[in-house]
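Good morning. Please have a look at it first.

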Amino acid sequence: MSNTSVSKIDRSKNTLAACAPRLPYDPVIEERFGVDKTAWKSLVEAIFPNATTLNSVVLALSYCQARRLDPFKRCVHIVPIWNAQIGAMVDTIWPGIGELRTTAVRTREYAGRAKTEYGPDVTKEWTAADGTKTVVTFPEYAQVTVFRMVQGQRVEFAGPQVYWLETYAVTSRNNEAPNTMWRDRPRGQIDKCAEAAALRAAFPEEVGNDYINDEVGRR
């Protein structure tokens with residue numbers, strides 16, 4: 001075999017290795033969810049980058065299948081959460097704000113939402129164990145009102161005031177400072193959480209007590 005042929009084979013092997021999905025693929029996944037190996041690679045690397053096991057992605061797909069949701073629209077998230085009983089991080093499945101919105105719209109009674117009301121700005125400093133300081137300015141709380149058609153009338157459902165300090169996601173189990181998302185988007189993040197709370201108030205039967213992934217950073 002020529003050196004050129006060997007070189008081509010080596011490049012081919014490298015290409016195949018580069019194309020392998022981050023998590024193992026089981027052909028049963030296509031039978032059950034219609035997800036082929038190419039789509040699986042997109043799921044585990046772009047849609048569920050935090051997933052650590054095949055099983056957690058399968059759980060997310062099962063959730064989407066039961067709720068008639070398209071997982072590629074990022075309606076569900078896999079969030080690692082510390083489990084004190086086993087002393088380790090475990091993957092958990094949480095809906096995103098898009099899932100709650102979709103569920104509300106499917107009732108054909110969703111009638112929009114009002115502008116978010118924010119509390120006064122607060123500035124707070126956190127100091128990590130290594131001495132690193134983090135300073136963030138954020139609204140004390142956010143509140144959203146959602147509208148629903150009830151017997152032909154547009155009725156408002158004011159959600160509760162959702163307090164930033166009770167909701168923000170921490171950097172790590174040992175660092176109480178806000179994570180990057182909550183530092184960079186202090187209003188945007190609390191806005192989503194306030195909207196989720198309002199949707200639960202307006203659509204209790206349809207949405208239930210579903211918390212979104214942005215609300216579980218302190219769990």
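Where is the place of Gln-151? Gln-151 sits in the loop between strand 8 (145-150) and strand 9 (153-158). When I say strand or helix, I mean DSSP runs numbered from the N terminus: helices are H or I with at least four residues, and strands are E with at least two.

Before going on, a note on the source. This is a predicted model, in which local features need pLDDT of at least 70 and side-chain atom pairs count only at pLDDT 80 or more, while totals for chains, interfaces and linings use all residues. Residues are numbered from 1 along each chain as its sequence is written, and side-chain values use heavy atoms, with hydrogens and water left out.

Gln-151 is not a glycine, yet its phi is positive, near 50°. Gln-151 counts as exposed because its relative accessibility is 82%. The cut-offs are these: buried is under 20% relative accessible area, exposed is over 50%, and partly exposed is in between, with a 1.4 Å probe and protein chains only.

Arg-108 also has a positive phi, about 65°, and is not a glycine. Arg-108 lies in the loop between helix 5 (97-106) and strand 3 (110-113). With a relative accessibility of 79%, Arg-108 counts as exposed.

Next, the buried residues. Which helix holds Glu-195? Glu-195 is in helix 8, residues 186-202. Its relative accessible area is 2%, so Glu-195 is buried. Apart from neighbours within four places in sequence, Glu-195 is in contact with Ile-97, Arg-101, Arg-113 and Val-144. Contact here means heavy atoms within 4.5 Å.

Now the cysteines. How many disulfides does a search of the whole structure find? The search finds zero, a disulfide being a pair of cysteine sulfur atoms within 2.5 Å. For Cys-64, the closest cysteine sulfur is in Cys-75, and the distance of 4.1 Å is too far for a bond. Cys-64 counts as buried because its relative accessibility is 2%. Cys-193 counts as buried as well, at 0% relative accessibility.

On to helix packing. Helix 3 (residues 37-47) packs against helix 4 (residues 54-67) at an angle of about 100°, and their axes are 11 Å apart. Axes are lines fitted to C-alpha atoms, for helices over the stretch in contact, and angles run from 0 to 180 degrees between N-to-C directions. The two helices are therefore roughly perpendicular, the term for angles of 65 to 115 degrees. Helix 3 contributes Trp-40, Leu-43 and Val-44 to the contact, and helix 4 contributes Leu-54, Val-57 and Leu-61.

There is also an open sheet of three strands, in the order 4-7-10, with antiparallel pairing. Its edge strands, strand 4 (117-118) and strand 10 (162-163), each pair on one side only. Two strands pair if DSSP finds at least two bridges between them. Strand 7 (residues 141-143) pairs with strand 10 in the antiparallel sense over two bridges. Tyr-141 stands opposite Tyr-163 of strand 10.

Last, the whole chain. It has nine helices and twelve strands. Of its 219 residues, 38% count as buried. Among contacts in the chain with a separation of 6 or more, 53% come from residues 24 or more positions apart.

Note on methods:
Parallel < 35°, antiparallel > 145°, perpendicular 65-115°, else oblique.
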